[in-house]
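The sequence and structure follow.

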Amino acid sequence: MKGERKKIRVLDAKDCLILNILQSNCRISLTDIAKQIGLSIDSTKKRIKKMENLFFYPRVQIRPRKLGFSNIVDIKIKLNTYNEKEINKFLDYLKSNPRIVEIFSISGQWDLSMVVISKNADDLGNISLEIKNKFGKIISAWSESTTLKAYKFEHYDVGNLLGFNKRVE
């Protein structure tokens, strides 16, 4: 109804523990999760179902290097003055490119950040050149940096983020 506020689900300490456990091992059994947090299997399953798509998306994490894409490159782009039609055409092109796996609008010195995967330096050069040739009029600056090693990748200590102690009360 108009004027009603949507109820926002608040996580409790047990929910945070579940999320932390799933981040560490997404293939862990419900039985093992339930034992670790001190709830029944049914209660644990209900909590996970309620949190799915609200706080996390069950997904497969691909490792591009294992598929022959040895270069994982972060590219920052600064844009010239552009109109909405030009930027939408540019973004549609980037989104349709299978080698561009992430695109973000960012604040600060750069306007866009994207992650490109390539097989080698020549492959990366070809991808970059194609983009620059096609959209060079709206690109004013371009910076590339190669990811050498990931030390931490999207791991959230949910309990600490939300101010819970590590122990469940």
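Which residues form one aromatic cluster? F90, Y93 and F135 do. The model is predicted: local features need pLDDT of at least 70 and side-chain atom pairs count only at pLDDT 80 or more, while totals for chains, interfaces and linings use all residues. Residues are numbered from 1 along each chain as its sequence is written, and side-chain values use heavy atoms, with hydrogens and water left out.

**Aromatic pairs**

The structure holds 2 aromatic pairs. Rings of Phe, Tyr and Trp (its six-membered ring) pair if their centres lie within 6.5 Å; planes under 30 degrees apart count as stacked, over 60 as edge-to-face and the rest as tilted.

| Pair | Centre to centre | Angle of planes | Class |
|---|---|---|---|
| F90 and F135 | 4.9 Å | 55 degrees | tilted |
| Y93 and F135 | 5.2 Å | 50 degrees | tilted |

F90 lies in helix 4 (residues 84-96) and F135 in helix 5 (residues 121-135), so their pair ties together parts that are 45 residues apart in sequence. Y93 is also in helix 4, so its pair with F135 links parts 42 residues apart in sequence. Helices (H or I, at least four residues) and strands (E, at least two) are DSSP runs, numbered from the N terminus.

F90 is buried at 0% relative accessibility, F135 is buried at 7% and Y93 is buried at 15%. Buried means under 20% relative accessible area, exposed over 50% and partly exposed in between (1.4 Å probe, protein chains only).

**Fold**

The chain has 6 helices and 4 strands, in the order α-α-α-β-α-β-β-α-β-α along the sequence. Its radius of gyration, taken over C-alpha atoms, is 21 Å, well over the 15 Å that the globule rule (2.2 Å times the number of residues to the power 0.38) gives for 169 residues, so the chain is more spread out than a compact globule. The C-alpha trace spans about 60 × 50 × 25 Å along its principal axes. Of the 169 residues, 32% count as buried.

**Largest pocket**

The largest pocket has a volume of about 1,700 Å³. Of its 33 lining residues, R59, V60, Q61, F153 and E154 are the closest to its centre. A pocket is an open set of points on a 1 Å grid over the protein atoms alone, where a 1.4 Å probe fits, with protein on both sides within 12 Å along at least five of seven lines; lining residues have an atom within 4 Å of a point. Helix 1 (13-24), strand 1 (71-79), strand 2 (100-105) and strand 3 (112-118) each supply at least two lining residues.

Notes:
Grid points are joined across faces, edges and corners, and a volume is the space filled by probe spheres set on the points.
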